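Subject: A structure for you to explore

Hi there,

Here is the structure I promised to pass on. Have a look around it first, then read my notes below.

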Amino acid sequence: MPTLFTDPVQVWRAEVIDSAYTRKRDWANKKLVFEGLANAQPDRAFEVRSPERETAQERILIYLPHDTDVDSADRVLFNGLWFEVDGDPMEWNHGSLRHIRIRAWRVEH
């Protein structure tokens, strides 16, 4: 039986640091927390055009192995593009197809 996980992905995480006025994620010093195969599927793509700006968004669903360490503040590198995890990862703990599903999105201006 072929594997359902055939798409190479990376999950990256950045620590929260304090700056003079706020707290933010230090993406300049991100750390790789997962590198392996997943199943990535298109979810939705749309564009907003106005005289001020053209914006395109792409959303994907990514199914990861059940034991993957992924958080709602992480970023995913897939097909050379950076996506942000959108919301909490969802664990499916039933049957033989246990996995974690995340929604991810990216924006282009």
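Let me begin with a term you will need: a polar contact is a pair of N or O atoms within 3.5 Å, where within protein one atom must be able to donate a hydrogen and the other to accept it, and residues adjacent in sequence count only if both atoms are side-chain atoms. Please keep in mind that this is a predicted model, in which local features need pLDDT of at least 70 and side-chain atom pairs count only at pLDDT 80 or more, while totals for chains, interfaces and linings use all residues. Residues are numbered from 1 along each chain as its sequence is written, and side-chain values use heavy atoms, with hydrogens and water left out.

**The overall picture**

The protein chain has nine strands and zero helices. Both kinds of element are DSSP runs numbered from the N terminus (helices are H or I, at least four residues; strands are E, at least two). Of the 109 residues, 29% count as buried. Buried means under 20% relative accessible area, exposed means over 50%, and partly exposed is in between (1.4 Å probe, protein chains only).

**Two residues with polar contacts**

R106 lies in strand β9, residues 99-108. R106 counts as buried because its relative accessibility is 16%. Its side chain makes a polar contact of 2.7 Å with the side chain of E108, and another of 2.8 Å with that of E58.

Q10 belongs to strand β1, residues 7-13, and is buried too, at 17% relative accessibility. What does the side chain of Q10 make a polar contact with? The partner is the side chain of E35, at 2.9 Å. Leaving out residues up to four places away in sequence, Q10 touches L32, F34, E35, R75, V76 and L77; contact here means heavy atoms within 4.5 Å.

**The core**

A nonpolar core is a set of buried Ala, Val, Leu, Ile, Met, Phe, Trp, Tyr and Cys residues joined through side-chain atoms within 4.5 Å. The largest one has 16 residues, and V9, I62, L64, V70, V76, F78 and I102 have the most contacts inside it. At least two residues of this core come from each of β1, β4 (31-49), β5 (54-65), β6 (75-78), β7 and β9. V9 has contacts beyond four places in sequence that include F34, L64, V76 and F78.

**Aromatic rings**

How many aromatic pairs does a search of the whole structure find? There is one. Rings of Phe, Tyr and Trp (its six-membered ring) pair if their centres lie within 6.5 Å; planes under 30 degrees apart count as stacked, over 60 as edge-to-face and the rest as tilted. W12 and W82 are edge-to-face, with 6.2 Å from centre to centre and 65 degrees between the planes. The pair links distant parts of the chain, since W12 is in β1 and W82 in β7, 70 residues apart. W12 is buried at 17% relative accessibility, whereas W82 is partly exposed at 39%.

Charges meet rings as well. A charge sits over a ring if NZ of Lys or CZ of Arg is within 6 Å of the ring centre and within 35 degrees of the ring normal. K30 lies over the face of W12, 5.7 Å from the ring centre, and the charged end of R75 sits over the ring of W27, 4.0 Å from its centre.

P89 is in the loop between β7 (81-85) and β8 (90-92). With a relative accessible area of 24%, P89 is partly exposed.

Enjoy exploring!
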